[in-house]
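Subject: Structure for your files

Hello,

Here is the structure I said I would pass on.

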Amino acid sequence: MAGRAPAPFVCRYQGRLLAGVDEVGRGPLIGAVVTAAVILDPERPIPGLADSKKLTEPKREALCQEIMDKALAWSLGRCDAGEIDRLNIYQATLVAMERAVAGLAIAPEYVLVDGNRCPTWRWPSEAVVKGDSRVPAISAASILAKVARDREMAALDGRYPGYGLARHKGYPTPEHLEALRRLGPTPEHRRSFRPVRDALERLGGRERGGDAAAPFSTDLFER
């Protein structure tokens, strides 16, 4: 039935150090793919965790702070546009996920990954389809990753005005595609993605310049 909630997920691991992992930013034309890993504290539950895409921005921001305050451990991982172009978006997402889990201050005993496949890594793990709606730790990871990437897009919007990045978050909306045709790609655009590649070809390989800036940290949140 359409609209039916996904079935509850029962994990084979029943210990305390369970990490949830999710990603944000596979589809945009610009910027990094951002991942998060979260180990929630069973003694400090967080009501309202859900798939980040189903939450309003104020709710995501509030939950983001609560997750950082209450989780046993959390970490972000990312692969920037250059890495995405070298590796492809799928492989870059797996690398970013591994970086997020490796960055946890507490080593997880088991990892649940949103989707249908886990990276090849050293942690016992399991993929969970629609995990961001079925597993609280994955929901928490989806929220942290979404808030982090949205903040990156807001920062890039200030560095490269005219594309509307703070509004559409880098996805190929009509506004973004029109700006690419008019302004050309920035150094942060993903050249392996066809709309960016087409824009570069029309401009003879020229890209829009911008102020030099330090790379984004893997952690846009103050601890």
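A salt bridge here is a side-chain nitrogen of Lys or Arg within 4 Å of a carboxyl oxygen of Asp or Glu. This is a predicted model, in which local features need pLDDT of at least 70 and side-chain atom pairs count only at pLDDT 80 or more, while totals for chains, interfaces and linings use all residues. Residues are numbered from 1 along each chain as its sequence is written, and side-chain values use heavy atoms, with hydrogens and water left out.

Salt bridges: the whole structure has 15. One of them joins R167 and E175, at 2.2 Å from N to O. R167 is exposed, at 61% relative accessible area, and E175 is partly exposed, at 32% (buried is under 20% relative accessible area, exposed over 50%, partly exposed in between, with a 1.4 Å probe and protein chains only).

E152 pairs with R78, with the closest N and O atoms 3.0 Å apart. E152 lies in helix α5 (residues 136–159) and R78 in strand β3 (residues 73–79), so this bridge ties together parts 74 residues apart in sequence. Helices (H or I, at least four residues) and strands (E, at least two) are DSSP runs, numbered from the N terminus. Both E152 and R78 are buried.

R16, D41 and E43 are linked in a salt-bridge network.

Disulfides (cysteine sulfur pairs within 2.5 Å): the search finds 0. The sulfur of C11 is 11 Å from its closest cysteine sulfur, in C118, which is too far for a bond. For C79 the closest is also in C118, at 17 Å, again too far.

Regards
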